[in-house]
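Thanks for coming. Please have the sequence and the structure up on your screens, and we'll walk through them together.

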Amino acid sequence: MRTASLSILITFFLGIFAAWGVMSIKNRLWRFVWDGILTLPLVLPPTVVGYFLLRLLGPKRVLGMWFLNVFDLRLTM
């Protein structure tokens, strides 16, 4: 119950902050891009989003290499 309550609280405030951030973007193209990125997990099944995250955060990808170099943290196997 504690973990669920904490995750709901964190997700609520992160969602409010993300919505505020997207709405404060003046450029319509960037607003459209960020709105699409933040809406993508609602549209795609969780397995597809998980696959994309694995591809994005892999140790041979840019974001995965950055986490490995900066934080010495390997996010995927």
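Along the sequence, the pattern reads α-α-α-α. That is four helices and zero strands. Helices here are DSSP runs of H or I with at least four residues, strands are E runs of at least two, and numbering starts at the N terminus.

Some ground rules. This is a predicted model: local features need pLDDT of at least 70, side-chain atom pairs count only at pLDDT 80 or more, and totals for chains, interfaces and linings use all residues. Residues are numbered from 1 along each chain as its sequence is written, and side-chain values use heavy atoms, with hydrogens and water left out.

Next, confidence. pLDDT is the predictor's confidence in each residue, on a scale from 0 to 100. The mean for the protein is 88, and 100% of its residues reach 70 or more.

Now the overall shape. The radius of gyration is 15 Å, whereas a compact globule of 77 residues would have one near 11 Å. That radius is taken over C-alpha atoms, and the globule rule is 2.2 Å times the number of residues to the power 0.38. Along the principal axes, the C-alpha atoms fill a box of roughly 40 × 35 × 25 Å.

How much of the protein is buried? Buried residues make up 6% of the 77. Buried means under 20% relative accessible area, exposed means over 50%, and partly exposed is in between, with a 1.4 Å probe and protein chains only. The accessible surface comes to about 7100 Å², and 75% of that belongs to carbon and sulfur atoms. Areas come from the Shrake-Rupley method with a 1.4 Å probe; for residues, only the protein chains shown count as cover.

W20 and R74 are 54 residues apart in sequence and 31 Å apart in space, C-alpha to C-alpha. R31 sits in helix α2, residues 28-43. From R31 to M65 is 34 residues in sequence and 28 Å in space, again C-alpha to C-alpha. R31 counts as partly exposed, at 29% relative accessibility.

On to the aromatics. Rings of Phe, Tyr and Trp (its six-membered ring) pair if their centres lie within 6.5 Å; planes under 30 degrees apart are stacked, over 60 edge-to-face, and the rest tilted. How many pairs does a search of the whole structure find? Six aromatic pairs. One of them is F17 with W20: the ring centres are 6.0 Å apart and the planes are at 35 degrees, so the pair is tilted. Both residues are in helix α1, residues 2-23, and they are three residues apart, about one helical turn. Are these two buried or exposed? F17 is exposed, and W20 is too. For W20 the relative accessibility is 57%.

Compare W66 and F67. This aromatic pair is edge-to-face, 5.2 Å centre to centre, with 80 degrees between the planes. W66 is partly exposed, at 43% relative accessible area. F67 is partly exposed as well, at 22%. Together with F71, W66 and F67 form one aromatic cluster.

Which helix gives the largest share of the patch? That is α4, with four residues. Both α3 and α4, residues 62-71, supply at least two residues each. L63 lies in α4 and is partly exposed, at 32%.

Last stop, D72. D72 lies in the segment after α4. Its phi is near 55 degrees, a positive value in a residue other than glycine. D72 counts as exposed, at 66% relative accessibility.
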